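This report considers a ligand shell, a helix and a sheet, in that order.

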Amino acid sequence: MTAPAPLLELHGIAKRFGASRALAGVHFSLQRGEIHALCGENGAGKSTLMKIIDGIHAPDEGEIRLNGERVTVGGPAHAMRLGIGLVHQEIALCGDATVAENIFMPEISTRPRAWMDYASLNARAAQVLRRLGQRIDPSLRVDDLGISSQQLVEIAKALTLDCKVLILDEPTAALTEVESVALFRVLHDLKAQGIGIIYISHRMAEIFQHSDRVTVLRDGRDVLCARIGDITPDALVRSMVGRDLGSYYPPRQAACDEPAESILEVEDIADGVSVHGISFTLRRGEILGISGLMGAGRSELAETICGLRRARRGAVRLRGAPLRLRRYGDALRHGIAYLSEDRKAAGLFLDLPIEQNVSSMALGRISSRFGLLRRQAERRLAVDLGARLKLKSDGVAIDAASLSGGNQQKVAIAKLLATQPAVLLMDEPTRGVDVGAKSEIHHILRDLANQGVGVVVISSELPEIIGLCDRALVIRDGRLAGELAASDMTEERLLRLASGLSAEETIRCPN
Ligand SMILES: Nc1ncnc2c1ncn2[C@@H]1O[C@H](COP(=O)(O)OP(=O)(O)OP(=O)(O)O)[C@@H](O)[C@H]1O
Ligand SMILES: [Mg+2]
């Protein structure tokens, strides 16, 4: 008897965008009841390959087989009828519609609005969200949710489809450890029902914990496919970046007897909604981590410090001088720069060239004495910062929209570095960034710190907080739940502080 055909097979898939070759003959297979991780550097072609399976892009060459039968996928709606569902890397929800409307969009779009039973729609949405351990109110507008809740709504939407093949493009990039655990529990349930899952991630620990097989793409080719038990993390990284990475994290600053002078002091700051009186001091040359669960108020804290949110009380002092921050422009002028966790909405102008994005907050640096923009200088700035961050793109004159997700993140970082800040507030700086580039960004942050910049890193990745930061604050419910020195940081201690558990209680994720 011959073995049944794999659930999904790709043979020799090739795809070009203009002059650039995104995929150069990729082979891939997915079995029923398998969690198959897809990894590779930023720009390796992962999202493009998934969009080809979903029918968003037509391949230039190659074929797709579903249960052994050759198929031509005409588009996402056709893919859905074939039992293929894709959760996109970039959140693509309708911001004006409610959570429930978004989750059931495919169903609603075929029915007149007047015929909708909203009470039952909301109840069904709440039920799906509960599977993910979430209590998001289904009647809220999506625009009013934070980015991680939006990501969960996007995932919930895919769970309502009757998929045979479920593709998740970096589903955990915007999630903290606790929500990721809930997501993986659902994925293991689906796997037990025979569903094949392709899951893209840059998080090594997750890949080794949850997947059955892993495929690596490099420069548009599949360079490795292995059972997870047959490969080590080092070997996986090597096959992604084509070299040994050495140490992931840069060495910390040497402890000196005299603590460095403070650069930023935040005193009892509150926004009246999510931040309820937080105080801390950031020192010159320090990388201060901010950890906490989703919704703890970490991003809101950074937004309040830099004038994006109105402070109801409290004070911010830069080198001892009190600041009046009415808007973000005030903070920037003083040398406080902020990287938003939502690069699509707040970080980048996607339809502008890379170079204009990079210079957009530093026009003073590239203007002549008479206020004229010097295009040459603008280009040089973008090229230099691009090289420093190892940006993968066809020059700096192309639109940011055509970059892969991780490379867009690098442009958002370059834009901040261009302002030569004294204080950097970075909200999830390495979200969606591959292991090699992540290590580059960590080294750049450490270099900046060594030059005297004060760096704040908000991160949902506990290993990043532990590996990179000199000290970490843990925020819970808008208040400071604790502080840990580098030598005291462990994942468990950070999680306990974040969730408010005593040393005796065991850590569990929400139902
Ligand atoms: N619509 C497009 N137009 C032009 N080029 C594109 C387009 N989409 C992708 N590319 C290019 O194709 C290559 C592969 O991009 P892709 O988004 O598939 O990478 P990725 O592996 O998903 O990376 P990341 O980890 O950063 O998400 C990149 O060089 C990218 O710039
Ligand atoms: Mg991608």
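The shell around ligand 1 takes at least two residues from each of β2 (20-30), α1 (46-53) and α15 (405-417), where helices (H or I, at least four residues) and strands (E, at least two) are DSSP runs numbered from the N terminus. The model is predicted, with local features requiring pLDDT of at least 70 and side-chain atom pairs counted only at pLDDT 80 or more, while totals for chains, interfaces and linings use all residues. Residues are numbered from 1 along each chain as its sequence is written, and chains are lettered from A and ligands numbered from 1 in the order in which they are written.

In total, 19 residues surround ligand 1, the closest being N42, S47, T48, S404 and G406; a residue is near a molecule if its C-beta atom, placed from the backbone, lies within 6 Å of it.

| Class in the shell around ligand 1 | Number |
|---|---|
| nonpolar (Ala, Val, Leu, Ile, Met, Phe, Trp, Tyr, Cys, Pro) | 4 residues |
| polar (the others, Gly among them) | 13 residues |

Helix α10 (residues 298-305) has 8 of its 8 residues buried, so the helix is largely enclosed by the rest of the structure; buried requires 20 or more other C-beta atoms within 10 Å of a residue's own, with C-beta atoms placed from the backbone. Just after α10, G307 adopts a positive phi of about 85 degrees.

Six strands form an open sheet of mixed pairing, in the order β16-β17-β18-β13-β19-β20, pairing being defined by at least two DSSP bridges between two strands. At its edges stand β16 (336-339) and β20 (479-485), each with a single partner strand, so one side of each lacks a neighbour in the sheet. Strand β16 runs parallel to β17 (residues 423-427), joined by 4 bridges, and L339 stands opposite M426 in β17.

Definitions and conventions: Buried ≥ 20, exposed ≤ 12 C-beta atoms within 10 Å, placed from the backbone.
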